[in-house]
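Here is a set of questions about the terms used for a structure, with answers that go back to the definitions.

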Amino acid sequence: MAQKTGKCTVMVKSESCKGCSLCIEFCKSGKLVLSDKLNKMGYRYAEPVEDTACTGCMICTSICPDLVIEVYDE
Amino acid sequence: MKLKNDWPKYYKKDVVSHYCPGCGHGIVHRIVAELLEEMQVGERAICVNPAGCAVLAYLYFDIDMLESAHGRGTAMATGIKRARPDLFVFTYQGDGDLSAIGTAETIHSANRGEHITVIFINNAVYGMTGGQMAPTTLIGQETTTSPLGRNPALEGYPLHITDLVATFRGVIYAERVSLDGPAGVTRTKKAIRNAFQTQIDGLGYSIVEILSACPTNWKMSPVDSFSWIKNEMTREYTPGVLTDKRGDKK
């Protein structure tokens with residue numbers, strides 16, 4: 001579920017995400033939101049917003065307790 | 001497209017941890033795994049696990065791990081380090097393990113100045129058993145065994161065990177950090193790096209206390225529990241370097 005905008009691309013491994021929302025709270029550009037769908041564990045997972053740019057600051061990956069976020073350079 | 005955050009070498013791939021959403025353990029695990037790789041000690045590292053939520057840490061780290069009796073992590077690490085001084089030995093303990101049942105072992109291993117590193121996760125409750133009051137529970141904090149809040153007249157005051165061991169001559173490096181946001185993650189990584197370096201340089205005992213979130217037992221959302229650390233917990237446990245004798249030893 002890659003979504004590209006701006007300089008970097010954010011990918012969330014939705015099946016491993018527990019929906020703690022820390023990445024959403026600390027993301028400065030509002031790139032991540034909580035999905036309406038549930039994963040197999042029954043959690044609402046974080047997912048990238050399509051129209052928002054990612055600056056690649058890596059705050060989401062540093063705060064994620066479950067290492068589910070991957071950031072790619074263009 | 002180039003991946004900016006490589007998976008840490010000493011963290012097992014694609015394992016979903018048993019920790020609750022927003023738990024501080026996951027963040028500290030990743031920091032430790034990254035540092036083992038960056039400091040090139042992973043191949044000779046042995047971690048001693050506690051009893052507590054982190055009891056299953058051996059499922060996540062790809063290094064040699066041992067499970068100690070409840071609270072006796074530093075005693076076990078002492079034995080490993082004395083038998084094999086070439087190994088890099090650290091313990092990973094929670095507050096119920098290190099500062100409750102294992103107080104004697106913690107204090108005496110620190111006082112002997114064993115050449116080990118202790119990573120101390122302080123979340124102010126007994127996490128695994130369901131949120132009972134711990135020695136580190138804050139005054140007035142509600143837990144399942146102090147439903148009206150911790151009352152010092154009945155239950156005493158929060159135990160500052162890192163401040164206590166920092167006064168010992170054998171303790172070379174002691175620091176307390178609060179894992180309350182992205183800045184806290186950076187500070188935690190720096191503190192653990194200093195503690196690991198103390199052991200690599202052969203200087204002596206080092207301990208890092210990490211104020212870590214337990215959203216499930218604090219009955220808060222992960223985001224609220226991070227602000228609770230920042231606003232409440234750091235008032236009782238002041239973050240900072242508690243002792244640094246590395247300069248005296250060199």
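Predicted model: local features only at pLDDT ≥ 70, side-chain atom pairs only at ≥ 80, totals over all residues.

Q: Why is Gln40(B) called exposed?
A: A residue is buried if 20 or more other C-beta atoms lie within 10 Å of its own, exposed if 12 or fewer, and partly exposed in between, with C-beta atoms placed from the backbone. Gln40(B) has 10 C-beta neighbours inside 10 Å, so it counts as exposed. Gln40(B) lies in the loop between α1 (24–38) and β2 (45–49) of chain B; helices (H or I, at least four residues) and strands (E, at least two) are DSSP runs, numbered from the N terminus.

Q: What makes Ala124(B) buried?
A: Ala124(B) has 29 C-beta neighbours inside 10 Å and therefore counts as buried. Its place is the loop between β5 (117–122) and β6 (125–126) of chain B.

Q: Why are α1(B) and α7(B) called oblique to each other?
A: Angles under 35 degrees count as roughly parallel, over 145 as roughly antiparallel, 65 to 115 as roughly perpendicular and the rest as oblique. Axes are lines fitted to C-alpha atoms, for helices over the stretch in contact, and angles run from 0 to 180 degrees between N-to-C directions. α1(B) and α7(B) pack at about 45°, with their axes 10 Å apart, and are therefore oblique.

Q: Which residues of α1(B) and α7(B) meet?
A: Ile27(B), Val28(B), Ile31(B), Val32(B) and Leu35(B) in α1(B) meet residues of α7(B) that include Val185(B), Ile192(B) and Phe196(B). Two residues are in contact if their C-beta atoms, placed from the backbone, lie within 7 Å.

Q: What makes α2(B) oblique to α4(B)?
A: The axes of α2(B) and α4(B) come within 7 Å and cross at roughly 40°, which makes α2(B) oblique to α4(B). Thr74(B), Ala75(B) and Thr78(B) of α2(B) make the contact with Glu105(B), Thr106(B) and Ser109(B) of α4(B). These residues divide into one nonpolar, four polar and one charged.

Q: Why do β3 (64–67) and β10 (240–244) of chain B stand at the edges?
A: Two strands pair if DSSP finds at least two bridges between them. The open sheet of seven strands has the order β3-β2-β4-β5-β9-β8-β10 (chain B), with mixed pairing. β3 and β10 of chain B each have a single partner strand, so one side of each is left without a neighbour in the sheet. The twist averages 15° from one strand to the next.

Q: How do you know that β8(B) and β10(B) pair?
A: Four bridges join β8 (residues 171–178) of chain B to β10(B), and the two run antiparallel. Glu175(B) has Val241(B) as its bridge partner in β10(B).

Q: What joins β5 (residues 69–73) of chain A to β1(B)?
A: Two bridges join these strands, which run antiparallel. Asp73(A) stands opposite Lys2(B) in β1(B).

Q: How many residues does each chain give to the contact?
A: Chain B gives 19 residues and chain A gives 24 residues. On the side of chain B that touches chain A, the largest share, three residues, comes from α1(B). The residues of that side divide into eleven nonpolar, five polar and three charged.

Conventions:
Residues numbered from 1 in each chain as written. Chains lettered and ligands numbered in written order. Nonpolar A, V, L, I, M, F, W, Y, C, P; charged D, E, K, R; others polar.
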